[in-house]
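Please open the model in your viewer and keep the selection panel at hand.

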Amino acid sequence: METTNEQSVLGPRRYRNNEKLIAVGDRGWQTAKDHGLIGLRVNFESNNRLVDTKTGHAFMTLCSCSYLGLNHHPRILQGSIDALREAGTNSLAMSTLRIRLDQMARMEEGFRELYGCPTLPGATCSALTAGILPLLASGHVTEDGKPRVMVFDRYCHFSMAYIKPICGDESLVLTSPHNDLNYLEDVCKKYPRVAYVADGAYSMGGLLALEGLLQLQERYGLFLYIDDSHSLSIAGERGEGYVRSRLKMNPLTMIVASLAKAFGSSGGIAMLGSEKIFDFLYRNAGPLAWSQNLQTPSLGASLASIALHKTPELRQLQDQLQRNIQIFDSRFPSPHAGNGMPIRLIQVGEEDRAIRLSAELYQRGYYCSAVFFPVVARGEAGVRVMMRADMTEEQVRTFCDDVQAILSRF
């Protein structure tokens, strides 16, 4: 009888299975913790020197998403300070739908001018996705007002895949093999309204098949919902990102991105292809209308970063980042070499080897994150490396020397 009761409350597990995920994946996290690679408490001197407060061990981080080093740029920090002084409060502690600080309105206007389209801010990129994707599934983001089949790329970020069950309450949800345009075209032929959910630059390296997707959009009216967090600021003349810099915005395209990576602030944005849905999303996209919103220091940092993105310094930082990426690619060739993105994976196979490599690098003064299932497929574990513009070319070369020295003993 007890077994029957347990079975009766078990969910359908159409889009997730925590029991399987945790049983397979948590062992690696525990092993990483046992090696002292999780839960570090540090003092920050720069991205190239963090100090463990417990041991005094100093190290450089190569798992920071601050690809341009703007997380400690003097102008960005001063922007946060100035915003607090100007506003006299760290937040209004209420929904921005009802009342928002003038600084937030100026930030919205700044993004609109910078990226050339209506740009909606949110507390995080994940909050934007959580609010928008169910409305896309139900048809309320597009003019036809009819549900769309939601096709999630197999490798799309967890923040998007996490919303699958909610979208599944509104429309059919499918999972596509990674960058499989043939699969996607077959879905478009079968269903009249389809939306594709994917990353622009993927967190394990690689890019989406943008040219083919734009052809499918033109041919079938495919809606593109792209999270381009990892390329914002590092690509485009004004840092608009890989995807935005290669297309004209239209009502069938939406790009979301985190401001907490290369942009150097915090929060998230959604670049919209239609003026009509700006106010609609503010009212109806759930988390966007809640009282948890961008704090005043974040608004000031974003305003300062917007200003910096209009100066020659942005190109200088982008160029330095590209030089560092090229040095790394010359030493560690990979399928993603030459794509201009800063994320690379040094693949070693099993998770124990990845954790061992991460631990040995940490002893030499580098923090690189070991990645394993479910972050990557089984047997494809490795160490993820992120290049930054605030690393010198000599630091990159020395790091590569140390990695090769360790790998020679594996």
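Is Cys65 buried or exposed? Cys65 is buried, since its relative accessible area is 16%, where buried stands for under 20% relative accessible area, exposed for over 50% and partly exposed for what lies in between, with a 1.4 Å probe and protein chains only.

Before going further, note that this is a predicted model, in which local features need pLDDT of at least 70 and side-chain atom pairs count only at pLDDT 80 or more, while totals for chains, interfaces and linings use all residues. Residues are numbered from 1 along each chain as its sequence is written, and side-chain values use heavy atoms, with hydrogens and water left out.

**The cysteines**

A search of the whole structure finds zero disulfides, a disulfide being a pair of cysteine sulfur atoms within 2.5 Å. Cys65 is accordingly in no disulfide, and the nearest cysteine sulfur, belonging to Cys63, is 7.9 Å away. Cys188 counts as buried because its relative accessibility is 8%.

**Helices α2 and α13**

Now select residues 18-34, helix α2, and residues 351-363, helix α13, whose axes come within 10 Å and cross at roughly 25°. Helices here are DSSP runs of H or I with at least four residues, strands are runs of E with at least two, and both are numbered from the N terminus; axes are lines fitted to C-alpha atoms, for helices over the stretch in contact, and angles run from 0 to 180 degrees between N-to-C directions. The crossing angle makes α2 roughly parallel to α13, given that angles under 35 degrees count as roughly parallel, over 145 as roughly antiparallel, 65 to 115 as roughly perpendicular and the rest as oblique. To see the contact (heavy atoms within 4.5 Å), show Arg27, Gly28, Thr31 and Ala32 in α2, which meet Glu351, Asp352 and Ile355 in α13. By class, this contact of α2 with α13 holds two nonpolar, two polar and three charged residues, where Ala, Val, Leu, Ile, Met, Phe, Trp, Tyr, Cys and Pro count as nonpolar, Asp, Glu, Lys and Arg as charged, and the others, Gly among them, as polar.

**Helices α3 and α11**

Move on to residues 74-87, helix α3, and residues 296-308, helix α11, which pack at an angle of about 130° with their axes 7 Å apart. The two helices, α3 and α11, are therefore oblique to each other. Among the residues of α3 in this contact are Ile76, Ala83 and Leu84, and among those of α11 are Pro297, Ala304 and Leu308. The contact of α3 with α11 has eight nonpolar, five polar and one charged residues.

Select Ala93, in the loop between α3 and α4 (102-115); its phi is near 55°, a positive value in a residue other than glycine, and at 57% relative accessibility Ala93 counts as exposed. Ser233, in the loop between β8 (223-227) and β9 (253-258), also has a positive phi, near 80°, but Ser233 is buried, with a relative accessible area of 0%.

Finish at Gly145, in the loop between α5 (125-138) and β5 (149-153), which counts as partly exposed at 41% relative accessibility. Leaving aside residues up to four places away in sequence, Gly145 touches Ser138 and Gly139.
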